[in-house]
Amino acid sequence: MATNIPKGVWPTMVTPFTNTGKVDYAALEQLIEWYIDQGVHGLFAVCQSSEMFYLTLEERVSLAQFVTNLAAGRVAVIASGHISEQFEEQVEELQRIAETGVQAVVLVSNRLAGPDESDEIWFERVLQLIDRVPNVPMGIYECPYPYKRLLSPQLLKQCADTGRFAFLKDTSCDVHQIAAKLEAVKGSSLQLFNANSATLLASLRLGASGFSGVMANFHPDLYVRLTESWDSEPAIAEMLQSFVGAASLIELQMYPVNAKYHLSKRGLPVSLHCRSKDAGAFRENHKLEVEQLDAVYRMLKKQLV
């Protein structure tokens, strides 16, 4: 059942909003084209970067449908939007997202069990969900909000053994855990995509399939170069890794407001408005930090020509 997810870079898409707070589909259209022009291999729509916890179900479905339609097969699209706590509501969410034609529907790991509930309970609910949402490949997102539930290698193998899972967005930020997970799912259709920039090159060397993280909203082209040629250009790979690891500290600032500011500086009509953060708190020094990071990025790009 699980499909082959393309290896490489999968940005966790941000959602542009108008200044009145509505989804800005005109800006989203240009953003999708920008991602594709940067060479990404897929788009992860309706995720935490998309502010999915602040979107209605209709907005989440509409976003997934819009991205799928506009991508039009040029790149693959996966989507989550799986935010409810009640089982039947989760079923509805996942069924609705599946109907948009995305290549995989992504389960949020912390929605399936509370922090004090066991892996056995978690997996029982997974089996119930995939039974209720048949005929579509699944993914898993170790989303950090409202709490981070990392999958053990053993639990990940159980998921892989169902034959339904094609994608894991790993947020462990730990090379040893990544290595153990990769070993556990070896030979299956489940691929691991690292969300952490600092450990990316190390994880690619271990067999990770690529990158799916917030920093692909800043420098997707560098992540494409790194994931496509890390083994054939080892010196350049080390240079790229040094930059993307250090640059990822910008995540700790005011994400996703800062990503939207960066995108606006790249010429995209993306306002700073967010539902998850107060863009009014994005100060002048924050803007300078983003601009100075962009200046270093441009200097690096000149060296890579």
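Predicted model: local features only at pLDDT ≥ 70, side-chain atom pairs only at ≥ 80, totals over all residues.

Biologist: Switching to H4 and H5. At what angle do they pack?

Modeller: About 15 degrees, with 11 Å between the axes of H4 (residues 119-132) and H5 (residues 153-161).

Biologist: Parallel or antiparallel, then?

Modeller: Roughly parallel, because angles under 35 degrees count as that. The crossing of H4 past H5 is right-handed.

Biologist: Which residues make the contact?

Modeller: On H4 they are Asp119, Trp122 and Phe123, and on H5 they are Leu155, Gln158 and Cys159. By type, the residues of this contact of H4 with H5 divide into four nonpolar, one polar and one charged.

Biologist: Now the backbone. Which residues does a cis peptide bond join?

Modeller: Tyrosine 145 and proline 146 are joined by one, with omega about 0 degrees. Proline 146 sits in the loop between strand E5 (138-141) and H5. Tyrosine 255 and proline 256 are also joined by a cis peptide bond, and there omega is about 10 degrees.

Biologist: Where is proline 256 found?

Modeller: In the loop that runs between H9 and helix H10 (257-265).

Biologist: What about phi at valine 46?

Modeller: Valine 46 is not a glycine, yet its phi is positive, about 55 degrees. The residue lies in the loop between strand E2 (42-45) and helix H2 (57-71).

Biologist: Is valine 46 buried or exposed?

Modeller: Buried, because its relative accessibility is 1% and the cut-off for buried is under 20%.

Biologist: And alanine 72, what is its phi?

Modeller: Near 50 degrees, again a positive value in a residue other than glycine. Alanine 72 is in the loop between H2 and strand E3 (76-79).

Biologist: Buried or exposed, for alanine 72?

Modeller: Exposed, because its relative accessible area is 56% and exposed means over 50%.

Technical notes:
Residues numbered from 1 in each chain as written. Heavy atoms only, no water. Axes fitted to C-alpha atoms, helices over the stretch in contact; angles between N-to-C directions. Helix = DSSP H or I, 4+ residues; strand = E, 2+ residues; numbered from the N terminus. Parallel < 35°, antiparallel > 145°, perpendicular 65-115°, else oblique. Left-handed = near helix turned anticlockwise from the far one by under 90°. Contact = heavy atoms within 4.5 Å. Nonpolar A, V, L, I, M, F, W, Y, C, P; charged D, E, K, R; others polar. Buried < 20%, exposed > 50% of the residue type's maximum accessible area, 1.4 Å probe, protein only.
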